[in-house]
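Visitor: Could we go through this one together? I'd like to talk about the strands and then the core.

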Amino acid sequence: MRCAGVLTGGAKLVTVPGDDSKIDPNALREAVRRKAGDVHSVQPSVVSISQVTERGSVYTLDEIRRLATIAKDAGLRVHMDGARFANALDHLAVTPAEMTWKSGIDVPSFGATKNGAMTAEAIVSFDPALASELAFRAKRAGQLASKMRFHAVQFDAYLTDGLWLRNARQANTMAARLGDGLKAIPGTELLSGPQANILFCRLPQQATEGLLAEGYTFYHDRWAPGIVRLVTSFSHTPEDIDQFLDAARRHTR
């Protein structure tokens with residue numbers, strides 16, 4: 001929160017509740033009206049959603065449109081954090097236009113780092129009037145690299161012949177394979193999805209300890225005891241997934 005306030009000129013981040021890490025429309029409708037026009041309170045300006053969310057869930061087009069409508073009716077802009085933009089597109093089987101400006105998104109961030117690139121992200125503005133301000137904000141945030149072309153050139157390869165979508169499809173497919181395999185392991189409970197390339201599950205303690213001892217790396221016990229987060233990437237193969245599942249079975253017995 002403190003860092004975000006510095007980068008946004010003192011703006012305050014206000015969270016809005018909802019199931020599966022998605023903003024609830026009714027909660028958003030209440031939030032945008034709360035103390036609106038009250039000089040003693042910070043005023044809302046932007047609604048930001050994450051697609052894919054940190055829980056691995058994916059907003060449907062109808063959900064995006066509904067939230068965007070609520071925001072626009074209140075005079076707010078709508079931002080989409082698209083760190084896993086391609087994974088969401090693959091899951092929904094829609095076009096980038098359908099998931100962004102056609103659904104009411106004003107400014108999406110087009111993430112590539114989590115899908116094969118190296119520190120390469122792009123901010124897209126569908127309102128030309130915002131472009132110059134975004135350039136100053138990038139500089140202020142320390143994100144204006146001295147040799148930006150080395151970041152930007154990655155998008156040439158990333159977007160050529162649909163590589164970005166193939167990468168996302170591979171990651172999503174491997175997550176689905178992982179989820180199916182985990183369901184069959186006694187004592188393991190799948191808590192979410194996967195809808196994209198992230199899944200949360202409950203693993204027996206001996207399985208978690210055994211997997212970590214074998215060199216597997218994943219977040220565990222950060223949310224609750226026994227809860228782990230598993231993320232697949234474009235580089236994972238069916239053999240990689242099956243080896244992980246075999247190891248999990250060995251340590252669950």
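Visitor: In S3, which residue is the bridge partner of Gly 82?

Guide: The partner is Phe 110, bearing in mind throughout that this is a predicted model. The bridge belongs to the pairing of strand S2 (residues 77–82) with S3, which is parallel and has four bridges.

Visitor: And what is the sense of the pairing between S3 and S4?

Guide: S3 and strand S4 (residues 121–123) run antiparallel and are joined by three bridges, with Ser 109 standing opposite Ile 123 of S4.

Visitor: Is S3 itself enclosed or open, and why?

Guide: Strand S3 (residues 107–111) is largely enclosed by the rest of the structure, because five of its five residues are buried, that is, under 20% relative accessible area. Val 107, Ser 109 and Gly 111 point one way from the strand, while Pro 108 and Phe 110 point the other way, and all are buried.

Visitor: Switching to the core: which residues touch the most other members of the largest one?

Guide: Those are Ile 49, Ile 64 and Met 99, in a nonpolar core of 33 residues. Several elements each supply at least two residues to this core, among them helix H2 (25–33), strand S1 (46–50) and helix H9 (163–183), but the largest share, six residues, comes from H3.

Visitor: What is Ile 49 in contact with, leaving aside neighbours within four places in sequence?

Guide: Its contacts include Ile 23, Tyr 59, Ile 64, Leu 67 and Ile 105, and also His 79 and Asp 81.

Visitor: What about a second core?

Guide: A separate core of 16 residues includes Met 174, Cys 201, Leu 245 and Ala 247.

Note on methods
Residues numbered from 1 in each chain as written. Predicted model: local features only at pLDDT ≥ 70, side-chain atom pairs only at ≥ 80, totals over all residues. Heavy atoms only, no water. Buried < 20%, exposed > 50% of the residue type's maximum accessible area, 1.4 Å probe, protein only. Pairing = 2+ DSSP bridges. Core = buried A, V, L, I, M, F, W, Y, C linked by side-chain atoms within 4.5 Å. Contact = heavy atoms within 4.5 Å.
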